[in-house]
Structure formats: C-alpha cells, structure tokens
4 protein chains.
Amino acid sequence: MTTPDPSGIHSIAAQELMQRGAEGSAFTQWMGTRLRHFEAGRVEIEIDLRSNMTQHHGQAHGAIIGYLADTVSAWAAASVAGDVVTAEYKLNFLAPARGETLWARGEVLRAGKRQVVVRADVYATQHGTDTLVAAALATIASVGQPLNTAPEDRAPQENP
Amino acid sequence: MTTPDPSGIHSIAAQELMQRGAEGSAFTQWMGTRLRHFEAGRVEIEIDLRSNMTQHHGQAHGAIIGYLADTVSAWAAASVAGDVVTAEYKLNFLAPARGETLWARGEVLRAGKRQVVVRADVYATQHGTDTLVAAALATIASVGQPLNTAPEDRAPQENP
Amino acid sequence: MTTPDPSGIHSIAAQELMQRGAEGSAFTQWMGTRLRHFEAGRVEIEIDLRSNMTQHHGQAHGAIIGYLADTVSAWAAASVAGDVVTAEYKLNFLAPARGETLWARGEVLRAGKRQVVVRADVYATQHGTDTLVAAALATIASVGQPLNTAPEDRAPQENP
Amino acid sequence: MTTPDPSGIHSIAAQELMQRGAEGSAFTQWMGTRLRHFEAGRVEIEIDLRSNMTQHHGQAHGAIIGYLADTVSAWAAASVAGDVVTAEYKLNFLAPARGETLWARGEVLRAGKRQVVVRADVYATQHGTDTLVAAALATIASVGQPLNTAPEDRAPQENP
C-alpha cells in the first residue's frame, strides 16, 4: 500500500519516468535533473544552477533554459502517452535567469493518439523568489505504449 | 596585412565574435564550440560530439541541438548587428544526430534595426557524410552597436 | 462619468483599440471581429463562424484560427504597449473548430520596451460549450507610444 | 499521352491536390488560390491581392500571409504524403506585403511516416519585383494514403 503523496512523485508511473531519464541520458545526469512534481498531464522538474551553466554576468545560458523546456515538455507528454520523442518546440526568453535553482512546469494541452501538445514555463528561483524566465509550446510525438497509469490519471483535455 | 581567406574567419569582425564567445560563456567553453565559417549574414559553427552530450543509443541530446541552433542564430545575427540576444526560436528535430561532429549554419533572412530573423540548419557528420538533423527559425534582438564590419559585409537582405 | 464595467470594454484605451481595428483593416471588418473583454494585458475577441470561413465538414479554416491568434496577441500587446506589429507567432492546432462562435484570449507574459510576449488560446463555442481548438505563443514588436491607460492598468508581469 | 510540363501542374497528383482544395474549402475559394508549381516535395501557390485582404496602407493583412504559409506547407506535405492536416506552424513577418500578387513556396525538409516538416517562404510581387515578406516552419501530420505519385516523385530528403 502506498501513502498518498500530493506531488505524485512516488507513483509507479513517475518512478518509471525518473528511471528512464536517469539511465537514458548522460546529458540529463550532467544536468542533475530532479523530478519536483508528477501527475498525469502536469510535471515539474528542477536543477541547481551551477557556474558551468552560465554566461557572462552569471545568468543561465539559453541552452540550459532550452533543455528544461524541452525536457519538461517531453516528461509531461510521457506522463500521459508513455514513450515519446520531441518533434518540435518554440521558446521565448522573457527575463535573465539568475538564482540558485531553475525549474520548469509542463502542462498537457491536448493528448492525441500520435502527438501531445504541451505548454511549458521556466522559472528561476533566487533567494526564494520565482521569476518567469521563459515560455514554450511543444509538440511531442508518441512512439510507444502509455505508462502504467490509472484511468483517472488521464489528462482532462484528452479527446478520443 | 591580412591574407584573403574565403572562410572569413580571419576578419576582424569574426575575431571579435569568437573572443566574445570564448570569454563570455562557461557553457560555450564546455561545449567546445568552434567557428567554421564567417561572413556577414552567414555563420557556421561546429562541436565534437562527446559521450556526455548523448542520450541512450549514442545520439546527441536535444539540448545540444538546441544549443547549436540558438548559438549559430545569435552569431549570424551578430555578424550584421553586433551585440544581440536571442528573443525566441522554434526548432524541429528531423533525424537522430549521430556522428563525430555536429555543425550548424545560420543565415540572416532579414536584418532590421531592432531585430534580425535567422534561419538555421543543424547537421551531424558521421564518417564524412552530413545528415540534416534539425531546422530552426529564430528572432534575435539587437541590443547594441554593430560589429566592426566593412560596408560590403552587410547582409544582402538588409532593408533600410 | 463612466460606469465601472468589469469587461473593461468601455474604457478609453479599449475604445481607442477598437476604433483603430475598425478603421484600419478591411480584412478585420470582413471577419466581423468584436471585442469581448478588455483589460491591460488581457484581451478577448470573438467572431461569428460563417460558412465562407469553413473547410469541408463545416469546421473553421486554419487561416481563421491563425487570424484570431495573431489578432488577439497584437491587441493584448497593444493594451499595454500602444502601437504594435506582430513580429512572429507559433500556433498549434488542437481540435477541429466547429460551432457558432470562435473566440480567443491573449495574455501578456512579458512587456519589455521593444517587444511584448503574448500567450493566446482559441476556443470554439458550440451549443454553449467551449472547446480549446488552438494555442499560440507570439512576439509582438512595440512601434510607438503606449495607449492612454491609467498606471494601475499595466500588466503585472511588466519589468522596468 | 501527356506533354512534359516543367511546372508539374498537369500531373495526376497535382490535379488531385487542386481538386481537393477547390472542392474542400469555401475559404480557399474566397482566397482565389492558384497552383503555380508542383513537384513532389516542392509546391508553389499564388493569389491576387485584393482590397478586402488589406490593412491600412494597402499591405496584406497578416492573416493572408498566414493562410499562404499554412496552405503551401500543407500542399507541399500532401505532394509526398497524401492526406494531411497542419499540426502547427511558426511564422516570422519580414517586410510589408504590398503588390499585385502574393505567392508562397513550400519545401519538404523531412517526410516521415507520421509527420512532414516543411519550410515555407512567402513573397509579394509588385511591378514584377519579388520581396520576401515572411518565413515559416511547419509540422504537417499525415492522416491517410499517399497521392498517386510515381516512385521517382518522392522527396529527396525522405528517410526510410
């Protein structure tokens, strides 16, 4: 029996997802990506902002922001569609990303049979204050079987 | 006296650009980015694909592709507009990126006073064969003074 | 003296915006665009879905959806930045757009001096039920003076 | 027996495509869209710029540009993949669109089983001079059977 966990991180589906990410990607490990929140259709991840991820003036390099937007979009899609691959994304930079931690939230807008559309936001946390530093819109292609999710975990926007 | 160089890499403007990149960004250094071709409005960069840049199966992580598309777009814009910052980009992944080297070409489509629109392509080179692995379209904001370029170096698409 | 109006449509700024749209564009008139909600940083517009706006099977043509996303993004940006022009947008189609009315909401994510980033959603209303049919992310360039808005009308995300 | 036609417009596949467009969409008819060039993986369309398609100052409304980019992307994808639907596109406006004619070219970058990625350019022709007025990058979903094309008609970039 599992204890209810509002973050959803202890669910079987979330554990599958984390394990895939950890095993699968040397770059994801280099980034030190952590799962922060997990429910079907809504996922949050975070990283510590290290000095080798920065540009001049100490703000995060755009590629780190791009990594977070892309990854959280793929993981949010995976939370409803299982094996996925990013088809495309579009990313707007909104403010310099400074702070100790960067985190991102991905929300599924539409989960079809072949593709999942995800909206993502990236935040920087400095001295406990969040700043929205980027916004993205992504198309994630479904390439396999759904995760082990209960029926009630499906995204509300999913159409047959 | 400088010897003519078709790559343009020995031009003063290209040297300025390389120096800014090298000094400015810990992440750019981690990537090991090299300038491969430089002319006003058209820039190419390349990196060696290392194992800590890969996903499972040895292909480059999407964030590495995103880095190349973003960076080459910014550098192509900088070649006509000087100090710039990426406002937004959109990136389509086209094929798995496997090989020894990844490179990207950015071409200026339109250079206005406030923003430069750049089209970028990312290629993977494996055993001497190039594969187009991603295509991007980017908006780069101009934030300062133009580089030290001769009049004939301006992009052909530039409108007054 | 004006009576308070939660929709904000009776404000001077909204009236300016409507007048500009009505005078400025033959195509906007052909569309029959109406302002549905107006506050600084958040605007909604709507149109009646006519038969000459449809594809086979009676759903709205993609260009009508594109028009709504583009227009509501520009108007939301104008609500905080005055004269604007769309620099670029990205649009995901999520579901067929069927019904009597189509409407769109634009929300300012970031209003800088030179550009405003807007997130837009497009809905179709059929028999009183709304369906999210498209999502967009747009960059709108500021080209002139702000509208006649009171200080408290500024978008909450606006940074100095 | 058919006479060779460099435009490719007399091919069976092109005729199928034109007929679908003409029958299928009231809006396409309102636009008066003509096929200008057709080969597998590369399609051009054009329209006459009428006064009811303009903004103030006589330039084409952004929605007309969006229509052309979206439509030519879908038709270019259809030329290699048959029945298709636009999943998403991103569009940068580059210059005011003035003139007698607007035309657009779509080129397939990658044709996979489920989706086709297309790059599109939109031009305005005024007094015989072409101006590049917009650039787009689109993802088109394949939803049915390929057109009646000969094997040699496949797009060169198509991967197995």
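**Exercise 1. Determine how many residues of chain D are in contact with chain A, and describe the chain D side of that contact.**

Step 1: seven residues of chain D are in contact with seven residues of chain A, where two residues are in contact if their C-beta atoms, placed from the backbone, lie within 7 Å. The model is a predicted one, in which local features need pLDDT of at least 70 and side-chain atom pairs count only at pLDDT 80 or more, whereas totals for chains, interfaces and linings use all residues. Residues are numbered from 1 along each chain as its sequence is written, while chains are lettered from A and ligands numbered from 1 in the order in which they are written.

Step 2: on the side of chain D that touches chain A, β3 (84–93) and β6 (129–142) of chain D are the elements that give two or more residues, and β3(D) has the largest share with three residues. Strands (E, at least two residues) and helices (H or I, at least four) are DSSP runs, numbered from the N terminus.

Step 3: by type, this side divides into two nonpolar, two polar and three charged residues, with Ala, Val, Leu, Ile, Met, Phe, Trp, Tyr, Cys and Pro counted as nonpolar, Asp, Glu, Lys and Arg as charged, and the others, Gly among them, as polar.

**Exercise 2. Describe the contact between chain D and chain C, and work out which strands pair there.**

Step 1: the contact takes 26 residues from chain D and 26 residues from chain C. On the chain D side, α2 (26–31), α3 and β3 each supply at least two residues, the largest share, eight residues, coming from β3(D). That side divides into 11 nonpolar, 12 polar and three charged residues.

Step 2: β3 (residues 84–93) of chain C and β3(D) pair in the antiparallel sense over five bridges, given that two strands pair if DSSP finds at least two bridges between them. Within this pairing, K90(C) has K90(D) as its bridge partner, and N92(C) stands opposite E88(D).

Step 3: these strands belong to an open sheet of 12 strands, with antiparallel pairing, in the order β1(C)-β2(C)-β4(C)-β5(C)-β6(C)-β3(C)-β3(D)-β6(D)-β5(D)-β4(D)-β2(D)-β1(D). The edge strands, each pairing on one side only, are β1 (34–39) of chain C and β1 (34–39) of chain D.

**Exercise 3. Locate A76(C) and decide whether this residue is buried or exposed.**

Step 1: A76(C) lies in helix α3 (residues 62–81) of chain C.

Step 2: A76(C) is buried because 33 other C-beta atoms lie within 10 Å; a residue is buried if 20 or more other C-beta atoms lie within 10 Å of its own, exposed if 12 or fewer, and partly exposed in between, with C-beta atoms placed from the backbone.

Step 3: not counting residues up to four places away in sequence, A76(C) touches G41(C), R42(C), V43(C), G106(C), E107(C), V108(C) and V118(C). By contrast, the C-alpha atoms of A76(C) and F93(C), 17 residues apart along the chain, are separated by 21 Å.

**Exercise 4. Find how many residues of α3(B) are buried, and what follows the helix.**

Step 1: α3(B) is mostly covered, with 20 of its 20 residues buried.

Step 2: just after α3(B), G82(B) takes a positive phi of about 75°.
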